[in-house]
Amino acid sequence: MALLPAAEATSIGTPALNIGIFAAFVVITLVIVIRVASGKKTAEQYYTAAGAFNGRQNGIAIAGDYLSAASFLGIAGAIALQGYDGFLYSIGFLVAWLVALLLVAELMRNTGRFTMADVLSYRLKQRPVRIATATSVIAVSFFYLLAQMAGAGGLVSLLLGISGETAQNLVIAVVGGVMIAYVLIGGMKGTTWVQIIKALLLIAGTFVITVWVLGKYGFNPSALFQAAADNSPKAGEKLFEPGLKYGLTTTTKIDFISLSMALVLGTAGLPHVLQRFYTVPTSQQARKSVEWAIWLIGGFYLLTLVVGYGAAALVGPGAIAKAPGKANAAAPLLAYELGGSVLLGIISGIAFATILAVVAGLTITTSATFAHDLYKEVFKRGQSSQDAEVRVARIASVVIGIVAIVGGIFAKDQNIAFLVALAFAVAASANLPTILYSLFWKGFNTRGALFSIYGGLVSAIGLIVFSPVVSGKPVDAATGKSLSMLQNVDFHWFPLDNPGLVSIPLAFFLGWLGSVTSKEHNAQKYAEMEVRSLTGHGVGEAISH
Amino acid sequence: MSNDARTQHEDAYLALQSTEEFQALRKKFRGFVFPMTGFFLAWYFLYVLLSIFAPGFMGQRVAGTITVGLLFGLGQFVTTFAITIIYARWANRELDPMAEQLGARLDGAKEN
């Protein structure tokens with residue numbers, strides 16, 4: 001094996017080449033962004049590209065938005081080390097898209113225009129519901145943003161050979177700065193093109209690795225799996241069976257059920273995913289977007305299965321665990337093993353591009369919430385000019401970018417998968433119940449929405465604070481550190497890492513309870529929303545303005 | 001979104017909502033997506049629960065290194081893709097014409 005011993009190596013491959021490929025990606029995409037999308041924008045263009053994309057383009061962009069560093073690097077690593085349980089984890093991310101396809105995408109497209117709060121406040125009291133929704137949108141996006149930036153920090157030390165604190169922080173700041181440039185110059189249109197390019201590169205790169213790995217085993221997956229087990233002295237054939245990660249104790253088992261719930265119900269409540277449905281003109285195109293997204297995301301996770309087992313077979317769990325990024329290093333190490341510095345450079349460039357594209361999508365969505373929901377609708381009570389609104393959105397984008405940079409610097413040692421799971425759990429608790437109730441339940445009203453959003457938000461975050469992820473996990477003998485976020489304290493009383501099992505049903509219950517204890521019902525608005533959601537009436541009208 | 005047009009529409013929306021045709025569209029849509037959602041969620045959680053609580057069964061070899069659990073997992077991909085195809089074809093064929101017709105009726109009401 002050509003790898004240097006881990007003790008000597010702070011990175012693998014040729015850092016200059018990795019940086020060069022990433023820089024090339026940045027330059028090319030910036031040129032494209034400037035060409036397709038620079039100039040003055042209306043609010044609609046800034047937030048949603050004014051519905052200018054078709055379903056196929058948007059589906060590819062959704063895949064680009066969704067296949068974050070956590071799913072690309074994290075799932076490949078989980079499969080390499082935990083085999084079946086890593087695969088099990090990936091399936092929740094895919095099945096979740098059926099919730100979006102069947103229940104959410106088209107109806108959202110038909111009833112909203114700029115933000116998630118447009119739909120939730122449609123037939124309810126505008127101000128309180130917009131404030132509540134904006135709060136949860138910002139919370140979910142913040143956790144997701146932190147996860148991506150933490151991922152950038154980890155990648156830096158692995159791929160660029162930069163191990164010094166200051167240099168790592170500088171790279172995070174550069175990533176954040178480039179992202180702000182995309183968003184300010186290109187708005188949603190520019191961001192979408194970055195996501196499309198990134199998705200195609202990511203899928204193509206993963207496809208090449210998959211074919212390469214399979215080719216080494218005569219295109220026989222069973223032989224590949226066997227080689228992975230043979231090369232994994234600890235796990236061995238247990239790689240094919242459930243239990244390596246989630247089957248240890250009853251608590252880890254229940255924890256996985258909780259995580260599964262959060263994954264499958266969280267996706268359709270992620271604000272940056274929902275925002276993408278507004279970038280197409282009609283509900284038919286929204287449907288087509290999700291169709292494309294499901295094919296691409298599903299296909300990608302199938303490739304990841306081969307990449308993960310390939311990393312176990314060709315790199316080996318020992319080398320992966322010793323690498324600076326641990327499990328996240330599995331896919332890059334495999335690329336290096338197969339194609340040397342060049343393939344590693346390409347995969348690293350794609351990984352950085354991934355973070356850039358996802359962070360840009362999150363920033364657009366959150367800035368739309370600030371400018372449209374909080375500034376225009378709440379603060380200015382709907383009375384503000386387009387120009388002022390876009391200006392606020394641009395300022396918000398810069399501020400969010402700076403928060404992401406600072407957060408990324410502080411969060412760079414945090415576990416990415418945990419932060420992402422947190423974002424999904426909060427989205428599934430605080431957002432999804434209210435989305436489904438307002439689209440499907442006649443009796444839903446303002447009190448129900450507020451109970452559900454705040455109840456879901458507070459219970460999800462509160463349970464996490466008192467869970468073992470924040471304090472009280474046993475000290476790992478190898479590193480001398482606890483796996484919890486805080487060291488040397490233990491105030492946890494909630495046994496699970498993921499709050500979904502409690503907070504999601506609770507938020508549904510609170511939504512019901514709030515609604516039945518309040519008499520508010522606006523029959524006219526309900527009729528308008530239901531008719532528009534199912535017939536698509538008025539969507540084209542809104543677009544042409 | 002023009003608010004004037006909306007106010008003009010309000011009665012039209014209420015009127016359309018109470019028509020038999022609209023109720024048929026609503027029933028048709030819900031009649032498809034609710035059971036389908038129930039099915040895929042049940043099938044997904046069955047897979048998760050079996051993996052977690054019946055690892056022996058899921059770890060059984062079917063051939064070589066291929067386990068029952070792997071086939072169940074790949075089955076999740078198959079059903080997800082299948083539901084996507086079935087729903088999209090059904091919606092394009094059955095739902096869209098009905099929705100379009102009802103939407104056009106509202107535009108007619110606006111012109112009058």
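Two residues are in contact if their C-beta atoms, placed from the backbone, lie within 7 Å. With that idea in hand, let's walk through this predicted model, in which local features need pLDDT of at least 70 and side-chain atom pairs count only at pLDDT 80 or more, while totals for chains, interfaces and linings use all residues. Residues are numbered from 1 along each chain as its sequence is written, and chains are lettered from A and ligands numbered from 1 in the order in which they are written. Helices (H or I, at least four residues) and strands (E, at least two) are DSSP runs, numbered from the N terminus.

**Helix α3 of chain A**

- The buried residues of α3(A) pack against α8 (165-216), α11 (271-276), α12 and α14 of chain A.
- A residue is buried if 20 or more other C-beta atoms lie within 10 Å of its own, exposed if 12 or fewer, and partly exposed in between.
- By that rule, 11 of the 12 residues of α3(A) are buried, including Gly55(A), Ile60(A) and Tyr66(A).

- Helices α12 (residues 283-314) and α14 (residues 330-379) of chain A pack at an angle of about 65°, and their axes are 9 Å apart. Axes here are lines fitted to C-alpha atoms, for helices over the stretch in contact, and angles run from 0 to 180 degrees between N-to-C directions.
- On the α12(A) side, the contact includes Val307(A) and Leu314(A), and on the α14(A) side it includes Leu333(A) and Glu337(A).
- Sorted by class, this contact has 7 nonpolar, 2 polar and 1 charged residues. Ala, Val, Leu, Ile, Met, Phe, Trp, Tyr, Cys and Pro count as nonpolar, Asp, Glu, Lys and Arg as charged, and the others, Gly among them, as polar.

**Where chain A meets chain B**

- Chain A brings 43 residues to the contact and chain B brings 45.
- From chain A, α5(A) gives the most, with 10 residues.
- The chain A side divides into 23 nonpolar, 12 polar and 8 charged residues.
- Ile83(B), in helix α4 (residues 68-111) of chain B, is in contact with Leu98(A), Met36(B) and Phe40(B), leaving aside its neighbours within four places in sequence.
- Ile83(B) counts as buried because it has 21 C-beta neighbours inside 10 Å.

**Chain B as a whole**

- Chain B holds 4 helices and 2 strands, which run α-α-α-β-β-α from the N terminus on.
- Of the 112 residues in chain B, 29% are buried.

**Two residues with positive phi**

- Most residues other than glycine have a negative phi.
- Ala50(A) has a positive phi, near 55°, and sits in the loop between α2 (43-48) and α3 of chain A. Ala50(A) counts as buried, with 21 C-beta neighbours inside 10 Å.
- Asn488(A) has a positive phi of about 65° and is found in the loop between α17 (446-465) and α18 (500-516) of chain A. Asn488(A) is exposed, with 9 other C-beta atoms within 10 Å.
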